Amino acid sequence: MQAAPSPGWLIARQSASFVLRERTVALLSGMFVVLVLISAWLGWSATSTVNRIYLDAAAFLQKSGQPVPSNPVLDISPLSLLRNMSVYVALIGALSAIVIGNRLVGLDRKAGVLPLIGIRPLGRNAYAAGKIAALAGLILALGAVAGAVAVATFLVLPAITLTGLQWTQLAGFMAVTTLYMAIFGLIGLAAGAGARSETVGLLLPVTLWLTLTFILPQLTANLNPTAAINPISALAIPPDTSFFHWAAVVLGPVSLADAYKFASAGLLDYLPQGIASPSFIPPVMTLILATAVAAAFAWRALTRLSMTEGEYNV
Amino acid sequence: MSDAALIPARLTPTPVRTIAAKDIRDALRDRFILIVTAFLGLAALVALVTGAIALRSDVATYEAAKATLLALGKSADAIKAPEFYPLRLLRGAIEQIEIIGAAIAILIGYRSAASERGRQTLALMLTRPMRRWQFVAGKALAGIGLLAGGLALVLGGLTLVLHFMSGIGLGADDLLRIAVVWGVAVAYTACFFLVSFILSLHMKQPSHALLVAFAVWLTLVLIAPQIGDTLDPDNQVAGGVFKQLNIAKPDQVEIMKGFATFETVRGGIEQASVTKHFERFTFAVLGIKATYAGMPLGPILTEMRGNLIWIFLTALGLIAIALALPLNPDRLAKA
């Protein structure tokens with residue numbers, strides 16, 4: 001006789017399948033996949049254009065008797081073809097994760113099924129663990145799709161061969177990407193469970209995302225919002241003043257967009273020499289710590305969710 | 001004598017005015033609009049202050065380098081003095097309006113449409129003696145009015161900070177330029193308000209409409225300009241490809257003639273977004289783009305009228321759609 005599945009597993013499976021039926025989740029996830037594909041094309045197109053510009057410029061310089069510098073494309077690692085993916089993960093990947101997290105608990109609240117779940121023989125811990133497991137599964141699936149596109153790009157493009165170390169770096173980038181989306185998914189889950197209204201549950205994490213993506217980089221590195229969404233321009237050296245020094249010390253450890261940006265640039269080999277993350281905590285460590293904190297918030301909000309109230313209060 | 005006869009004609013409440021006044025009162029009462037305006041104001045202020053601190057650092061570096069050169073008995077002409085145009089410090093703030101201002105407009109549009117649905121009052125309101133377009137027009141007028149007020153507060157506050165922080169003060173021409181930017185910012189954010197308002201008023205689930213509006217925002221505000229910016233060959237190599245190859249500006253232009261199709265596609269992707277038109281217009285008016293710094297306002301407006309037309313036609317087109325789409329109260333009950 002087969003053993004009955006655990007309550008946590010049942011919650012996780014039901015929640016994930018429920019969320020996957022949501023058209024908005026499908027829309028945002030679909031957008032994310034399309035943009036991941038576009039990012040691979042953009043990397044290839046932009047790099048090959050720079051290469052052609054170099055060839056034209058070299059001919060021009062030779063003709064005018066000037067020295068011809070080395071081709072900047074040859075100094076670029078093939079991994080940096082995927083640099084745009086880090087921008088799309090920070091934009092649409094994070095937003096998709098927020099929506100997935102929010103819907104995972106929001107659907108139960110909106111459908112008024114919490115009292116029904118509350119009378120079943122399962123503890124709050126099983127409910128919380130099931131929701132977090134469902135989120136982990138869905139975020140891992142998004143990460144796996146992005147990873148598959150990345151691998152396919154390098155296998156399909158001619159004249160590009162990655163070394164063993166570069167494949168490991170690519171795996172590291174995909175792991176960091178999944179971690180970054182998981183942080184926002186967990187924040188979405190926490191806000192969805194803790195907020196009194198459905199709208200506030202969605203707006204709180206979106207506001208936090210806007211702050212992390214567009215306001216904190218301005219304080220830590222004087223980075224304007226449009227520069228923050230360009231993978232190369234985003235890696236600027238902060239002005240050498242005591243204000244930016246202290247802003248980096250105080251805000252650097254919580255500036256998650258900065259941490260993801262520098263972790264991605266390091267792993268995909270496009271971090272210019274002499275430029276480092278403004279934070280004193282290494283970027284990957286910042287992301288791991290943020291995941292732990294976001295998971296703690298999500299756990300707290302989910303285990304304190306009132307199982308006697310059906311709908312949102314307002 | 002009837003009450004209506006006692007009220008001067010200009011004060012006679014019309015359905016549009018009544019709905020608009022009610023919506024503005026509602027929005028101010030629940031402090032939502034104040035909170036989001038404060039958030040935008042904070043983001044813009046951070047941008048202004050960090051920009052000013054960075055500029056001060058550039059000036060200090062220049063002064064130190066100049067003093068060193070003079071002490072060594074050399075000419076200070078070898079180093080370029082940092083240029084100071086106070087309005088240029090608004091660059092970060094304009095970009096925050098471009099991104100966060102548009103997101104706030106989406107939220108205001110969503111709330112404007114979803115409020116009557118959430119309270120189940122839409123059907124009740126439509127039993128009153130008014131046409132359905134008047135209901136939509138009143139709501140739209142209130143939303144755009146709230147945006148205009150919020151942007152006036154933000155830009156007004158920034159102007160005051162800039163006036164006292166810059167050390168040289170702002171003149172009438174500067175204030176006129178900021179007023180022009182305000183007007184265009186209202187039209188630009190109105191586009192996003194209307195997208196969200198139309199979707200939230202007509203989609204079955206308002207929360208789905210909010211997410212679809214955010215998907216539109218992502219595409220127009222962040223992705224389309226980002227793709228155009230990323231495809232710029234000069235943004236592919238740290239410091240710029242031409243700078244790394246030591247190629248002078250006239251030669252760059254010559255080389256780029258061979259990439260005309262690529263540049264057309266890149267420009268087309270950027271220009272498909274109303275955000276890029278807003279950015280180009282405001283950067284020119286405020287002199288943020290170096291070629292327009294110090295240029296009189298008149299010629300700038302003439303040169304930028306294409307961007308201006310694009311922004312206003314987008315807003316007018318969306319207003320027309322909002323007014324033309326039929327309202328179905330049965331479908332718009334709380335989802």
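How many residues of chain A are in contact with residues of chain B? In this predicted model, 46 residues of chain A are in contact with 47 residues of chain B, two residues being in contact if their C-beta atoms, placed from the backbone, lie within 7 Å. Local features need pLDDT of at least 70 and side-chain atom pairs count only at pLDDT 80 or more, whereas totals for chains, interfaces and linings use all residues. Residues are numbered from 1 along each chain as its sequence is written, and chains are lettered from A in the order in which they are written.

On the side of chain A that touches chain B, two or more residues each come from helix 2 (23-63), helix 3 (83-111), helix 7 and helix 8 (225-228) of chain A. Helix 2 of chain A gives the most to this side, with 17 residues. By residue class, the side comprises 29 nonpolar, 13 polar and 4 charged residues; Ala, Val, Leu, Ile, Met, Phe, Trp, Tyr, Cys and Pro count as nonpolar, Asp, Glu, Lys and Arg as charged, and the others, Gly among them, as polar.

Chain A has 11 helices and 0 strands, where helices (H or I, at least four residues) and strands (E, at least two) are DSSP runs numbered from the N terminus. The C-alpha trace of chain A spans about 85 × 55 × 30 Å along its principal axes. Of the 314 residues in chain A, 49% are buried, that is, 20 or more other C-beta atoms lie within 10 Å of their own. Among contacts in chain A with a separation of 6 or more, 82% are accounted for by residues 24 or more positions apart.

Within chain A, the axes of helix 6 (residues 164-194) and helix 7 (residues 198-221) come within 8 Å and cross at roughly 145 degrees; axes are lines fitted to C-alpha atoms over the stretch in contact, and angles run from 0 to 180 degrees between N-to-C directions. Phe184(A), Ile187(A), Gly188(A), Ala191(A) and Gly192(A) of helix 6 meet Gly201(A), Leu204(A), Pro205(A), Leu208(A) and Trp209(A) of helix 7. The residues of this contact divide into 7 nonpolar, 3 polar and no charged.

Leaving aside neighbours within four places in sequence, Leu194(B) is in contact with Gly109(B), Ala140(B), Ala315(B), Leu318(B), Ile319(B) and Ala322(B).

Note on methods
A residue is buried if 20 or more other C-beta atoms lie within 10 Å of its own, exposed if 12 or fewer, and partly exposed in between; C-beta atoms are placed from the backbone.
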